[in-house]
Amino acid sequence: MATVDKVDKEEFLLDEKTLREIESMKGAGQWSIVWRRIKKDKMGMLGLYIVLFLIMMALVSWILLMVDNWLTSANLLLGDPNNPASLNNLYIELWYPGMDQSNPIVLFQHPRYQFADQSTLPPSWEHPFGTDRLGQDMLSRVFFGASVSLALGFIGQMTTVIIGTVLGSLAGFYGGIIDNVLQRVIEVLYSMPGFILMIFIIVLFEDVQIPGGKYAVVIVFFSLIGWGGTALIIRSNFFSLKEQDFVEAERALGASDMRIIFRHILPNSLAPLIIIITLGIAGVIFTFAALAFFGFGDPNAISWGDDLNKWQNNLLDYPWMPMFPALFIFFTVLGFNLLGDSLRDALDPRLKD
Amino acid sequence: MSRPPEDVLLEIKGLKTYFFTEEGVVKAIESIDILVHKSETLGLVGESGSGKSVTALSILGIVPDPPGKILEGEVIFHGQDLRKLSDADMRKIRGNQIAMIFQDPMTSLNPVFTVGDQISEAIILHQKVTKKEAREKSIKIMSLVGIPSADERVDNYPFEFSGGMRQRVMIAMALSCNPELLIADEPSTSLDVTIQAQILELLKATSEEFDMSIILITHDMGVIAEMCDRVAVMYAGFICEVGDIIIIFKSPYHPYTRGLLGAIPRPDAAREDLTIIRGAIPNLINPPSACRFHPRCDYWMEGLCDTILPSIVTIEPGHDVRCHIYTEEGKAWMQQHGEKREISTMPKKATG
């Protein structure tokens, strides 16, 4: 701010530390306070690193798969596009000085590429996570599975939160009948065992072909039955926010209801929304992995949950096959939960540091 | 001091606003008639809970519903009844032709947006301008209302402003569309005294500059004396007395107005106890019958004030009183009972 700048620093004989403090106070908005609090929280930072690592992994693997699909469909590389096992044009090689250049170590193979005569190999330098019974490299499977698993979590949680936020906002703002109806609907949704309902719906829609594969159906129904919690939190948030004077002031300026709800009150609910989303993603990933584990996933998809389901019977004889996908599900859930908990503390206005 | 009818900007006729709460029906406004002329400042004065703010919200049609509801009355602005307008048409008037500033600048600004965003939004809502133009206009209007280095402050959040500066931001928002009528709901109450004076001075200056009418809601007779051309005294949902500021202060006709003026401490008066008005403002769920002031009134005519609502008596053009002392019924009662009810022309204190 101008006032701070105009202070003659020499005259007041401020030491370096105080000056730095003044400097840091300048941008002491809510978000810089939140960031400072998270940085102090070791577990939160661990969660953040895990989440960032997984997001990077998912993004890179997704881009690689997209490039591969495009190259294949454009016939730029050899390979039979009708046979996924032959799409071996995608790999990341590991090079080091002095190595035999004609025989590089392939770090990531196409997740569907099946190594002939290399099935059920335990972890080795060539296949750090081993291979599965089809001769597919487990490291590649896990690496490329990240994009599907995380995308399911993000998309599933975002659609759920969007539905919940819109309905919760309207109910909280208008109250009365709208609120009453919404609450009864949520009670009905809560009274049904969601997981069994999901399985029922998946079985019901087994033969329905829609773009995006089986998981599109799952996400749609997951969002349709899962928005209750978000709606209740946003609704109660709106109940207190709508009584604030700035809502009345905004109305006196001639703003419409929708503008007040979504442009003025909702941004004030950002903190709870961030917590809901972060903590929720872990739950959604877990739910989808569990669905896949019980055999209600998409056997053609490359995802941790589906791989886990495929090899769950081999836990004793070939433990690496189900173990690595399971470990990554574990770390994802752990990372998001740690980050979510840390965010919840950091965004709590009652805590002052 | 009546002015020609074409000078009337806003006319409220028989406004009635109730709140339907679980405890019962709060009869907040029973019958309000107000005239606001062009470029005049009308003071609306009364105790807490007398319905001043509800009147303001009723004019703009933003009484919280539920539980509030405007039951009767007309709010005529520029010859058209605002109550008959559609929601969309009404929104075009709010903030554009009639703006409002609120009592507490601490909570009336949205904490998550910069003040520049909020002033710009008021402009964008009513004028076809780009964001950049709106921002420039915001800076201009912020310096107009006396916010120093407005071009830097425009990107600050409300919490970075002091109370007085926030009220200036609120005034800037209200002025941003050059309204013809500004409703100021206790604009200086939550500020300390020196800032109060500045804010009132600012309102006065801008009202002259923008040629704008103001309805100034306050419970501070000092503020009224300083700012207003005319004053309407409210009690429990009725207007007791309306008149020119000089008339009201010099010779109040209504016992309540007299009580209010008598309760002002005066530095020039001898050390005497302040006159107070007995009792407290009534519960508006079960208000006193007829004239709602009668239980606290020194001039209560038993059997009349509590049974028949006094009609409005025009003492002289522009000076209306709602009290039985001046009605035909009242005069008949006095004759019948042989008692005299008369208000000395000056409040007791003023003579001291």
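Trainee: At what angle do α3(B) and helix α4 of chain B pack, and how far apart are their axes?

Mentor: This is a predicted model. In it, α3(B) and α4(B), residues 131–144, pack at an angle of about 115°, with axes 8 Å apart. Angles from 65 to 115 degrees count as roughly perpendicular. So α3(B) is roughly perpendicular to α4(B).

Trainee: Is the crossing of α3(B) and α4(B) left-handed or right-handed?

Mentor: Right-handed.

Trainee: Which residues of α3(B) and α4(B) meet?

Mentor: From α3(B), B:G116, B:I119, B:S120, B:I123 and B:I124. Their partners in α4(B) include B:A134, B:R135, B:I141 and B:M142. By class, this contact has 6 nonpolar, 3 polar and 3 charged residues.

Trainee: How many residues of chain B are in contact with chain A?

Mentor: 22 residues of chain B, against 16 of chain A. On the chain B side, α2 (87–93) and α3 (115–126) are the elements giving two or more residues. The largest share comes from α3(B), with 3 residues. That side of chain B divides into 10 nonpolar, 7 polar and 5 charged residues.

Trainee: Now a single residue. Where does A:L232 lie?

Mentor: In helix α9 of chain A, residues 228–241.

Trainee: Why does A:L232 count as partly exposed?

Mentor: Count C-beta neighbours inside 10 Å. A:L232 has 19, so it counts as partly exposed. Buried would take 20 or more.

Trainee: Which residues does A:L232 touch, beyond those up to four places away in sequence?

Mentor: A:G168 and A:I186. Check A:T165 too: A:L232 is 67 residues from it in sequence, yet 8.9 Å away in space, C-alpha to C-alpha.

Definitions and conventions
Residues numbered from 1 in each chain as written. Chains lettered and ligands numbered in written order. Predicted model: local features only at pLDDT ≥ 70, side-chain atom pairs only at ≥ 80, totals over all residues. Contact = placed C-beta atoms within 7 Å. Helix = DSSP H or I, 4+ residues; strand = E, 2+ residues; numbered from the N terminus. Nonpolar A, V, L, I, M, F, W, Y, C, P; charged D, E, K, R; others polar. Axes fitted to C-alpha atoms, helices over the stretch in contact; angles between N-to-C directions. Parallel < 35°, antiparallel > 145°, perpendicular 65-115°, else oblique. Left-handed = near helix turned anticlockwise from the far one by under 90°. Buried ≥ 20, exposed ≤ 12 C-beta atoms within 10 Å, placed from the backbone.
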